[in-house]
Amino acid sequence: MMKFAGCSLAVSFTPISSNIIKNRCRFSIGISRRNLYKSRFFSVHNEKEKPHDKAVRVAKYYLPPWFSVAPMMDWTDNHYRTLARLISKHAWLYTEMLAAETIVYQEGNLDRFLAYSPEQHPIVLQIGGSNLESLAKATELANAYGYDEINFNCGCPSPRVAGHGCFGVRLMLDPKFVAEAMSVIAVNTNVPVSVKCRIGVDDHDSYNELCDFIYKVSSLSPTKHFIIHSRKALLNGISPAENRTIPPLKYEYFYGLLRDFPELTFTINGGITSIDEINAAQKAGAHGVMVGRAAYNYPWQILGHVDTAIYGAPSSGLTRRQVLEQYQVYGDSVLGKYGAKPNVREIAKPLLGLFHSEPGNGLWKRKADAAFRHFTTMKSFFEETLVAIPDSVLDAPVAEPVPGRADLFANIDSILPPPYKSREEDILYA
Ligand SMILES: Cc1cc2nc3c(=O)[nH]c(=O)nc-3n(C[C@H](O)[C@H](O)[C@H](O)COP(=O)(O)O)c2cc1C
């Protein structure tokens, strides 16, 4: 039996884009009390509060990045972002990191790397690199695609990036270069720019060194927004995955930055896995919260609550059956767009967490694995596999959020590092 029976298959993406247009209107005519309370991030209500003009221009169109999905290589591709946007209208979505060199060398083939559907706004392009000319050219080429912000990767520890490539987190050791890079990027775009970094590298892991990095980059470039993955990176040969678990999280560094750089905007990242924790991070003062693995592995449990619990806005109201109906239309429209790519497996990959901890999840994954080999359309893939999931799951609205560590930051003030004293002379002679 076809699992979509009873629901119209004549769905398209237009409702989402019209939602964005509605959001624009809604934002301009007033936002909820809850949002007013939170409007300190990128305020359009109090002109004095604005961190910089470009950010305010963005905020006129979209709600601010109180919640964002982290850039994740091979994960936050067009397929995942399409799914994420069907579940949350307001989450800010980051692309995977694209090397500036790739953008430059693929100049004749840019759509494949940079194109996305308009429904994905607000969307941030993350670029990486260590060559100023390439960064400038890549930013200029990306302008045509209308990203809402350009983010510069100063956090990736992979040997290919931080080792051979000499960029990613290695750049934290050279804040002056990062400032130059950010200036070059900012000059070549008309949207806000931001940096995503760690709290340190190897032995360069003191709070003061982190502050020096933030101070130099923010004073010598137009960077006003920093996303802090709150653990250091180890460049001693451990894998990128181990670099996301072995170095301990030090949220006290993040909250120290909030205290010591009140004129800047900071988004916290790393180890946040529930709505309770997102709310707790904001309550403790974080301007924005970025979630990576949890938003990918449990998209329904996290993204399903973002619009209501974080933005105080209505939920999309879609059930997973309805999400998948729309995703099927998307999937079949892009299947084989570049010869053999993307294939059913690639398009279905972000869906594998959609039924996490639900009845039928194990069977659905096994069926999906077998179906990848045989089915050539998303429609037939869904017809074959979704029989594993009970109707009661497919048609259920988003359930209550799974409880998390609501007290995660409760004692943060008592463990903050000593206040940073900026060393002006270092900046003058940097
Ligand atoms: C598969 C994978 C790929 C990643 N790729 C990137 C990347 O391209 N750029 C980047 O800045 N961070 C990347 N990260 C790191 C995440 O953006 C994030 O900082 C990290 O996972 C910690 O957040 P989390 O604990 O919420 O997952 C990646 C993480 C994962 C799991």
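The model is a predicted one, in which local features need pLDDT of at least 70 and side-chain atom pairs count only at pLDDT 80 or more, while totals for chains, interfaces and linings use all residues. Residue numbers start from 1 along each chain as its sequence is written.

Y251 sits in helix α11, which covers residues 251–260. Helices (H or I, at least four residues) and strands (E, at least two) are DSSP runs, numbered from the N terminus. Leaving aside neighbours within four places in sequence, Y251 is in contact with S230, F409 and I412; contact here asks that two C-beta atoms, placed from the backbone, lie within 7 Å. The C-alpha atom of Y251 is separated by 9.9 Å from that of G271, 20 residues apart along the chain. Helix α11 itself is mostly covered, as seven of its 10 residues are buried. These are Y251, Y253, F254, Y255, G256, L257 and D260, and their cover includes α10 (207–220), β6 (225–229) and β7 (265–269).

What does the whole protein chain hold? It has 20 helices and eight strands, and buried residues make up 45% of its 430 residues. Among contacts between residues at least 6 apart in sequence, 74% join residues at least 24 apart.

The axes of α7 (residues 132–143) and α9 (residues 175–187) come within 8 Å and cross at roughly 30°, which makes α7 roughly parallel to α9. Axes are lines fitted to C-alpha atoms, for helices over the stretch in contact, and angles run from 0 to 180 degrees between N-to-C directions. Angles under 35 degrees count as roughly parallel, over 145 as roughly antiparallel, 65 to 115 as roughly perpendicular and the rest as oblique. L132, L135, A136 and T139 of α7 meet E180, A181, V184 and I185 of α9. By class, this contact of α7 with α9 has six nonpolar, one polar and one charged residues; Ala, Val, Leu, Ile, Met, Phe, Trp, Tyr, Cys and Pro count as nonpolar, Asp, Glu, Lys and Arg as charged, and the others, Gly among them, as polar.

The axes of α4 (residues 78–87) and α15 (residues 320–334) come within 10 Å and cross at roughly 145°, and this crossing is right-handed. The contact is made by T82, L83, L86 and I87 of α4 and V323, Q326, Y327 and Y330 of α15.

Around the ligand there are 22 residues, and the closest are A70, M72, M97, G292 and R293. By class, this shell has 10 nonpolar, eight polar and four charged residues.

A few backbone details complete the picture. A cis peptide bond joins H121 and P122, with omega about -5°, and P122 lies in the loop between α6 (110–114) and β3 (123–128). D74, although not a glycine, has a positive phi of about 70°; D74 is exposed, with 9 other C-beta atoms within 10 Å.

Methods:
A residue is near a molecule or strand if its C-beta atom, placed from the backbone, lies within 6 Å of it. A crossing is left-handed if the near helix is turned anticlockwise from the far one by less than a right angle, and right-handed if clockwise. A residue is buried if 20 or more other C-beta atoms lie within 10 Å of its own, exposed if 12 or fewer, and partly exposed in between; C-beta atoms are placed from the backbone.
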